[in-house]
Amino acid sequence: MVASSQNSADLLYATGFMALDPFVYFSIQDEVTGIVVTALELVRAGNEVKDGITVFDRDDIIPKGCIEKDLKAVIEGIVKKFPVETWEVPATFPLEYAEYLKSLNVDLEMFNVDITEGKEISIKPKKVDQNSKRLWGMNRSLINNAVIGS
C-alpha cells in the first residue's frame, strides 16, 4: 500500500503509524512485513508501529546511485531487496505506481482491502424488552452524537 495513514484508515489500522506524508507498507508472506519511511520519521515510526512490523529507512531501501528519492525509488528498492514475481495490491493502489511496478516486470493482482478485525462494534442488546429498548436507543444516540460531534 502507498498512502499517508492520515488519508487511509486501513493503512493506519494495519500499521498503527500515523503519518501525514505517504509511505510504503508491504508484506511478504513468511518473510517480512514492513514500512519504509524517511529518516525524519524513523524513530517515531519505530515507536508507533504494531508488533511484527519492521521499519526501514528509505535511504537503506532505495538502490545505490538512484538520483530520485521518491516513492517509485522506494518501490524499486523493495522489488530488488525482496524479489517476488507477483505483487497483490489493493484496489486503491495508485495507478502511477502500478504502472511502474509493471515496468519492473512485476505481475500485479488486485484485492479488496477488508480490515475489519477489531473495528466493528455492536450496541444491539442481547435481551430485548422495554428497558433494553430504551437503553439501546440512548446508547445509539450517545454513539451517534460522539461520532458526528467529533
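Residues are termed buried under 20% relative accessible area, exposed over 50%, and partly exposed in between, with a 1.4 Å probe and protein chains only. The structure is a predicted model, in which local features need pLDDT of at least 70 and side-chain atom pairs count only at pLDDT 80 or more, while totals for chains, interfaces and linings use all residues. Residues are numbered from 1 along each chain as its sequence is written, and side-chain values use heavy atoms, with hydrogens and water left out.

The protein chain contains six helices and six strands, where helices (H or I, at least four residues) and strands (E, at least two) are DSSP runs numbered from the N terminus. Their order from the N terminus is β-α-β-β-α-β-α-α-β-α-β-α. The chain has 150 residues, of which 33% are buried. With contact defined as heavy atoms within 4.5 Å, residues 24 or more positions apart make up 32% of the contacts with a separation of 6 or more. Accessible areas were computed by the Shrake-Rupley method with a 1.4 Å probe; for residues, only the protein chains shown count as cover.

Helix α4 is mostly covered, eight of its eleven residues being buried. The buried positions are Leu71, Ala73, Val74, Ile75, Glu76, Gly77, Ile78 and Val79. Their cover includes the strands β1 (2–3), β2 (23–28), β3 (32–37) and β5, together with the helices α3 (58–61) and α5 (95–103).

The loop between α4 (71–81) and β5 (86–90) holds Glu85, which is exposed because its relative accessible area is 66%. Glu85 forms a negative surface patch with Glu88, Asp107 and Glu109. Patches consist of residues with over 30% relative accessible area and no salt bridge, like charges being joined within 9 Å and nonpolar side chains (Val, Leu, Ile, Met, Phe, Trp, Tyr) within 5 Å. Asp and Glu count as negative and Lys and Arg as positive, whereas His and the chain ends are not counted; the place of a charge is taken as NZ of Lys, CZ of Arg, CG of Asp or CD of Glu.

A further loop, between α5 and β6 (107–111), contains Asn105. Although not a glycine, Asn105 has a positive phi of about 65°. Most residues other than glycine have a negative phi. Asn105 is classed as exposed because its relative accessibility is 69%.

Five salt bridges were found in a search of the whole structure, a salt bridge being a side-chain nitrogen of Lys or Arg within 4 Å of a carboxyl oxygen of Asp or Glu. Arg44 pairs with Glu41 at 2.7 Å, N to O, and with Glu48 at 3.0 Å, N to O. Arg44 and Glu48 both belong to helix α2 (residues 42–48), where they lie four residues apart, about one turn of the helix. Glu41 is buried, with a relative accessible area of 19%, whereas Arg44 is partly exposed at 31%; Glu48 is also partly exposed, at 31%. Another salt bridge links the side chains of Arg58 and Asp59 at 3.9 Å, N to O. Both partners are partly exposed, Arg58 at 24% relative accessibility and Asp59 with a relative accessible area of 35%. Through salt bridges that share partners, Glu41, Arg44 and Glu48 are joined into one network.
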